[in-house]
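Trainee: Could we go through this structure together and check each term against its definition?
Mentor: Gladly, let's have a look.
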Amino acid sequence: MNIKNVKDLNKIKKETLAISKKHPKKVLVCCGTGCIANGATKIVESVRDGLAKRKLKDVSIEILKETGCHGFCELGPLVIIEPQEIFYTKVKPKHVDDILDKSFLENEIIEPLLFTNPVDGSKITKYNDISFFKHQQRIALRNLGKISAHDMKEYIGVDGYQALAKVLFKMTPDEVIEEVIKSGLRGRGGGGFSAGKKWKICKNIQADKHYVICNGDEGDPGAFMDRSIMEGDPHGVLEGMMIAAYAIGAKEGYIYVRDEYPLAVTHLEKAILDCERSGLLGENILGTDFSFTIKIARGAGAFVCGESSALMKSVAGEVGEPRAKYVRSVVKGLYDEPTVLNNVETLVNIPTIIRKGADWYSSIGTKKSTGTKVFSLVGKVRNTGLIEVPMGITLREIIYDIGGGILEDRPFKAVQTGGPSGGCIPESMLDLPVDFDSLTEVGSMMGSGGMIVMDDKTCIVDVAKYFLEFLVEESCGKCTPCREGLYQLHKLLEKICAGKGEMSDIEKMERLSENVMIGSLCGLGKSGPNPLMSTLKHFKDEYIEHIKDKKCRAGVCPELITYEILDNCTGCMACIPACGYDAITGKKKEVHIIAQDKCTKCGACYAVCNFDSILVS
Amino acid sequence: MIHITINGKVVQAKDGEMLLTVIRREKIDVPTLCHHEAVEPSGACRLCMVEITKPEWDGWCDYVTSCLYPAADGLIVNTHAKKVNELRSSILDMYLARHPKSPEIRQLAAEYGVLKTQFEEVVDGDNCILCGICTRICDTMGFHAISMVGRGHGKEVAPPLNMAPTACVGCLSCAKNCPTNYIEYNMENGGLTIWKKDFEMVACTECGKTTITKEFAEYLSKNRDINIDYFRKCDECHRKELAGTMGRISNWDREARS
């Protein structure tokens, strides 16, 4: 494949569309990491074999699409039949023949494989009718689940690299920058700084070299937005980088990906190679003066390497430690040259903004937070997964409309946003619009887009302890407040969870948090106490309960709870072998008893009891 | 030259010069644990933080590490603002919890009113405060024999794989500049052991006293164009020789005049 000019590009687009038209019926198999873990590779093989058996081997490449992540990972492997939009969940290789015969060759629907609405138990056929998908608006995730992730032609078929052609032939670098500023696009990695303004500062600095870096070091526990984008739409990321490079005058770019994302690395490597071979990367791209190369820098998975200055040190082969940024990295970044560092999600938005225009983009979302945002919605909600929603949507809409509400209809307690450095938002603020500024105002943050929903069985002190533990482990250890301060905050939380807390500890934690926030070197230390501070702000009574009453109302902190067997125990004896510590005694059909001195509060009995006879208090 | 105000006094400074340099030139006492004139500042200990503001900032102020903050015209610096002092004692409190046995930390903490830590003392806390002076000096010397290993609370200074580092020449720059005297070395029987590596010392040809390690002498001789024979004499004997030479010269002068 040779793409020397726009004519070549358009020719490939036309060919791809023609092929697609010839085979309107397609089998889309989700090949995101989640579905692969659930066995999607075997489904792909079975579909390929099945097509061969049905004498469709020659066109199997046009029919079978190994797509990126659909976002509904808990129901994988997912198979979609186009054009009917039939959505099959938890597909096993044994189902494939049936799917091909009934749904692919005919128009029949296989009911047992359909999605079951968790609210009313009804079956839903089309994916766009499922509430999880229905309320989403996909810009960054536009190609995920739609095209074969590793096929460059398919990307070109969906207007891929048209934005690149547009900027190279119809726009000056300054016009590109103005367009991005006008779109209102703000950094999706957590900072929320105007992407266009960042480009402008960088471009205006005289230097031998400028660099573009794509930050794919997503390290928040439970977050997989960037991973899915890199896996499912690698060319979208590359095109965004190319446009950024043209705008700021960079000739070299890096994508920093953590090594725990092997599939993302593979897909990006393939995409870069395809671009290099076809001429979309290298010298004189599309016959213009613009030359650009992209290299992959693989990180070892340190949370701190998502911080810009630490990331750049790591790219340069040094120890990933942040530096003081009194001189910003956009002025003095990689190898001390001006550098634009954008998050994966920020960059993947760029081609669409260029193609459809800043006005179109800024009409979505709110005035100060335009466009959409990808979240990984996890925790105690019925539908978990990757979602993209317009900014300004309320937390309630996300949790109840898309997420389908709280599991088992339990009461909602809090939602944690912004990853480990974010904060918890209580029920009273469920109607808060989700945008950069509103979240910051209530003591949380947008972060990279983690969203963890908690019900009444979640202990808020335990949650704060969990995040602090993560941050203590991931602190780079360079500066004292972050290394020692977060460690001491975690120790104080441990003390409170163990029932040994004193009221003075709250004040001690507040003061220490403030000093860590002011005193730390980088953003990670400065925001480190956030999970503690936001829970203290909104759930102080629960802390006081732990300290004064020595009670954990959620039944989580082992030192503060007891397990008892109620009188409605049927004496089924199921809990007796479940207890690993021989703490439960009792005879058949008689109420059992837990010996408190032996009970370790592991919860094993609670899990096996079918009669709600175990009381945790 | 630019002008900045430190604690109410207007002083001159070079544009872009680090605030700490100006502060120390003015003989104002700001504590540091990770600062060393020979190496690049790192901003790790956070003790040199000061409060800065500018008239046009409308009363807003910032807290920055003076070792890394470049002086700019019109800057107003307060090295001992209330918040700064509180921050310093809090950081020293954290240090004291981690290194309760270090005399240097105890003394500095006491200066800021912290006699006993309010936090949980770290069991088996050692005296390495992770300031990174040793590793930065080693890098500056050109050896790169030791570095920071690991991260967070478990971070430590170590040679690669915790084995005797091949790159170390036994210059002792790390140990001699350690602010808490944590880096151990052993010099006896004409040898030196540091970082588990044994060195042979050069003995003075005059008095027999050991001077520097053979490796370090060879390194300096090779890279700094110093005659290797120079290292075969100790400092004292070099000075004795110099005094003798100077004596002879003045004798000749006297003889020449008379």
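Trainee: How many salt bridges does the rule find across the interface of domain 1 of chain B and domain 2 of chain B?
Mentor: Zero salt bridges turn up there, a salt bridge being a side-chain nitrogen of Lys or Arg within 4 Å of a carboxyl oxygen of Asp or Glu. This is a predicted model, where local features need pLDDT of at least 70, side-chain atom pairs count only at pLDDT 80 or more, and totals for chains, interfaces and linings use all residues. Residues are numbered from 1 along each chain as its sequence is written, chains are lettered from A and ligands numbered from 1 in the order in which they are written, and side-chain values use heavy atoms, with hydrogens and water left out.

Trainee: Which residues supply 68% of the area that domain 1 of chain B buries against domain 2 of chain B?
Mentor: Leu33(B), His36(B) and Val39(B) do, more than any other three residues. The two domains bury about 560 Å² between them; buried area is the accessible area (1.4 Å probe) that two parts lose on being put together, summed over both.

Trainee: What makes Lys83(B) and Glu514(A) a salt bridge?
Mentor: Their side chains meet at 3.0 Å, N to O, and the cut-off is 4 Å, so the pair qualifies. The count between chain A and chain B is four salt bridges.

Trainee: How many residues does the contact take from chain A and from chain B?
Mentor: Chain A gives 30 residues and chain B gives 32 residues, where contact means heavy atoms within 4.5 Å. About 2,700 Å² is buried between these chains, with carbon and sulfur atoms giving 55%.
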